[in-house]
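Please look at the sequence and the structure shown below before reading on.

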Amino acid sequence: MTALTQRCRFPETRAGQALVEATIGLAIMALTWVLITHVCYMRTNHVRTVMAARHAAWLMGHKADYGAATGSFFFDNGVSLAGISEQTLPLSAVGKSWGGSGGAKLATVSFGMSPDDLETTDIFPFALLRTEIPFMPSMVLTNYLSVQSFSAWPDDVDNTWTDRGDALAGVISEIVKSIGGALEWLGSLF
Amino acid sequence: MLLSGTMMFLVVMTVVLNGDMNKAVYERIVAQNAVDSAAEAAALWEARGCNVIQHLNNIHYEGNKILFIAESASLVSCAASVFSVVAVNVAKPFAWTSAYAAAVAATFVTCTLCVPAPKIDKAQENFAKAINKFQEIASTVFPILAVGYANQLAIKSGGDNLLEVVPQYLASVLDAGGVSWGGAEDVLSNLGSLPAPLDSITLAAFPWTIIGDDTFFKLGVKPKEGEGLPWKTPEWWNTMANTAYEAGKAACSDGWEGAGVYQAAMGDGADPWGWTDKYYQGNPGYMTWMAGKVSQDEVAGLGALRWLRAKEGATFTDTNAMYSGEILNPDIFKVPAFIALASSQVEGTPVISYTESVDSKGKIIPVYLPFNYKKPTRGDEFSPLGIYH
């Protein structure tokens, strides 16, 4: 009788086990979903950065305004996560340049947040990545917060020395750069 | 739990494959960026070479014009000196008159102006030689610069060494076609670097155009004999120049009181008088460039999946691959090597004898291959093969 009463009060079901498994499973699925979404998002944007870098480098080579070069490549969510940096590479036909004048423009386009962005609320009101979950070690995917790509384009590509003065200056500069670069390269062989 | 685990596994695998596809697209874009920047750099330097040669043509033309006028004036003075010497001799009995003084002054002026005629002719010859030499050097050096800069730009844009890319690419193409590549890939892989001391050079861009287009390394310009002034002095002018100078020399150095001054100054005449100069003419052909990216490991290392602790005491580095049958080819589980092509050419006024519009510009054009049935001409917008990038 006692045993029967106990069975009625606490029926032998697996609801508790299901609840525990569901809690663990759904949490893992949610985490996986978040990670997958983030990875897919960043990978898509990685491809966009290389396209944007090509466009920006092309604009830099033509001495055009490249400030809006990323505008056509990334979704605009009201916060611009894309950044462009310009670098002039001293380059000669033999690689190294002696004399310092530019030979190529290097555009680097990055998308995402830098670790520094997490230290301020200027960009985002709060950073979810700084949330610390109980019993979980501090975990910030600092190496996947942003993606970047680069592309180069000939510097001053519109200047084909149509002016006689430009041609003379260009030839002299090229002679200095190439001879210097070649000597430097030869020196590095020994 | 089992169901959710299975679903998660499938989702993760789908994402991994998506990542691989993403990586492949990325590598393909980088390869195209590399070859496009290489083609643009090559066209830029060929255009600059054309403009330098055109500037030299123009300088040659303008220099010849100035020297022709100067030499003609000098020779006219030679002819005039004959008359002024006659006038001096006629007026000699009236040496106290101003007419005699004027004749003597005129003779001094004309004889002095006559002296440099052969020197001007010689200077013109040296001037033309120097200009032509510079043009010859430019027509050789600028294509080399084009190749050098194209290679550098391809490297800076992320292009890989083609000596590694091409064997990998051929291997993947042959694999896709069911042809066993076997040891041939290893042989070609050994070609992955140039012999020392050139092994520090990375060949990231290769000009296809050198195959089947012998004008590529000559910039497409050739010396051409000029016609008409100021490139070529007329035959009658050459004869008149000789006659005028010899007559002037005879008159100035032997026919009057001041002749002694000119006996040493007036040397032999030019041999021959006048000139027939060459200028450079032509335009570069199109260039087709190749750059690429080497194959990459795929995102999750699917080609090297291993059992974790498949047997007692095994470590991760033990040989416990999930599958080791004959079908397994690790190369299949890789993001393949990519090759990209781009063509460029120089547009604007071709290099001609003389023009005020020195306007050569480089331009990327639809891809042309050396074995196309029709070479592109100026103004062509579409490739015969319809390849775009």
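## The model

This is a predicted model, in which local features need pLDDT of at least 70, side-chain atom pairs count only at pLDDT 80 or more, and totals for chains, interfaces and linings use all residues. Residues are numbered from 1 along each chain as its sequence is written, while chains are lettered from A and ligands numbered from 1 in the order in which they are written.

## The contact between the chains

Chain B gives 35 residues to the contact and chain A gives 34 residues (two residues are in contact if their C-beta atoms, placed from the backbone, lie within 7 Å). On the side of chain B that touches chain A, two or more residues come from each of helix H1 (2-91), helix H3 (117-156) and strand E8 (361-365) of chain B. Helices (H or I, at least four residues) and strands (E, at least two) are DSSP runs, numbered from the N terminus. H1(B) supplies the largest share of this side, 21 residues.

## Helix H1 of chain B

H1(B) has 90 residues and spans 131 Å from its first C-alpha to its last, close to the expected 134 Å (1.5 Å times one less than its number of residues).

## The nonpolar cores

A nonpolar core is a set of buried Ala, Val, Leu, Ile, Met, Phe, Trp, Tyr and Cys residues joined through C-beta atoms within 7 Å; buried means that 20 or more other C-beta atoms lie within 10 Å of a residue's own. The largest core has 89 residues, and its largest share, 18 residues, comes from H1(B). Among the residues with the most contacts inside this core are A:Ala56, B:Val35 and B:Trp289.

Another core, of 22 residues, lies apart from the largest one and includes B:Val82 and B:Trp256.

Note on methods:
A residue is buried if 20 or more other C-beta atoms lie within 10 Å of its own, exposed if 12 or fewer, and partly exposed in between; C-beta atoms are placed from the backbone.
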